[in-house]
Amino acid sequence: MTRIAAVLVRQRMAQAAPPGVDPGEFLEAVAEDTYEMVAGLELVTPVLITSVPELEEIVWPGTEVITIKDDEPLKVILQRLNADQAAVISADAPDLPPLLVGKLFRELGRAEITICPAQNGGAVAMACALPAPAWADPDLDDADIVATLRGQAPGPRRVATTPGWHRLRTREDVEALDPGLEGWENTRALVRAR
């Protein structure tokens, strides 16, 4: 079975940059940290999906980079992934524990789509078998994505959830980063330098 873990980068993810930190540099740092976590996972192939130009320099050689429009729907993006299963992880979660990505894939044994909910609404990540279920039109920024997907599904058990995490969508969210957690070196360096 082939599995992809894709990091999704959209331009608006730069808006959480703390005062004194360049939004472009912030976006690159969080995306690189999220990608590094994904690239370190076993039994998955990392992919970068981005609407931000010149971000391919953060990935390891040989990593597939898929360029999208900033408002391209996730349903369309999933059609461009070539694997048996895929997880799409929002790039604004630089300290996401790898274990939570593993749980997304594990839950696919009993559901068609699995969601890692985000604090304050939306989702940090989602996973599904490919091709994605035709009934699903997921949006990681949908305030109540689980309810939306369960409403779209032929049955509520088709959508499972894992433990949630946080995303960096506002400047205040940056305060939620835990200095005791491993990883997120690039974001940590930028935030500490201010």
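In this predicted model, the elements that cover the buried residues of helix H3 (98-107) include strand S1 (3-9), helix H1 (23-39), strand S4 (85-90), strand S5 (113-117), strand S6 (123-129) and strand S7 (159-161). The H3 residues concerned are Leu100, Val101, Leu104, Phe105 and Glu107, each of which is buried.

The largest nonpolar core contains 46 residues, of which Val9, Phe26, Ile89 and Leu96 touch the most other members. At least two residues of this core are supplied by each of S1, H1, S4, H3, S6 and helix H5 (185-193). Helix H1 makes the largest contribution to this core, nine residues. In soluble globular proteins, nonpolar side chains tend to be buried together. For valine 9, the contacts beyond four places in sequence are Leu27, Ala31, Leu48, Ile49, Thr50, Ser51, Val52, Leu55 and Ala91.

Aspartate 92 is situated in the loop between S4 and H3. With a relative accessible area of 2%, aspartate 92 falls under the 20% limit and therefore counts as buried. Its side chain forms a polar contact of 2.8 Å with the side chain of arginine 167. When residues up to four places away in sequence are set aside, aspartate 92 touches Met13, Val30, His166, Arg167, Leu168 and Arg169.

Threonine 187 belongs to helix H5. This threonine is likewise buried, with a relative accessible area of 0%. The side chains of threonine 187 and aspartate 33 are joined by a polar contact of 2.6 Å. Apart from residues up to four places away in sequence, threonine 187 is in contact with Phe26, Ala29, Val30, Asp33, Pro94 and Leu177. Proline 94 lies 93 residues from threonine 187 along the chain, yet the C-alpha atoms of the two are separated by 7.3 Å.

Helices H1 and H5 are the elements that give two or more residues to the lining. The most, three residues, come from H1. By class, the lining consists of seven nonpolar, three polar and five charged residues.

Several features of backbone geometry were also noted. Most residues other than glycine have a negative phi, and most peptide bonds are trans. In the model, leucine 130 and proline 131 are joined by a cis peptide bond, with omega of about -5°. Proline 131 is located in the loop between S6 and helix H4 (145-152).

Positive phi values occur at leucine 43, near 65°, and at asparagine 120, about 70°. Leucine 43 lies in the loop between H1 and strand S2 (45-50), whereas asparagine 120 is found in the loop between S5 and S6. Leucine 43 has a relative accessible area of 72%, over the 50% limit, and therefore counts as exposed. Asparagine 120 is also exposed, at 73% relative accessibility.

Conventions:
Residues are numbered from 1 along each chain as its sequence is written. This is a predicted model: local features need pLDDT of at least 70, side-chain atom pairs count only at pLDDT 80 or more; totals for chains, interfaces and linings use all residues. Side-chain values use heavy atoms; hydrogens and water are left out. Helices (H or I, at least four residues) and strands (E, at least two) are DSSP runs, numbered from the N terminus. Ala, Val, Leu, Ile, Met, Phe, Trp, Tyr, Cys and Pro count as nonpolar, Asp, Glu, Lys and Arg as charged, and the others, Gly among them, as polar. Buried means under 20% relative accessible area, exposed over 50%, partly exposed in between (1.4 Å probe, protein chains only). A polar contact is a pair of N or O atoms within 3.5 Å; within protein, one must be able to donate a hydrogen and the other to accept it, and residues adjacent in sequence count only if both atoms are side-chain atoms. Contact means heavy atoms within 4.5 Å. A nonpolar core is a set of buried Ala, Val, Leu, Ile, Met, Phe, Trp, Tyr and Cys residues joined through side-chain atoms within 4.5 Å.
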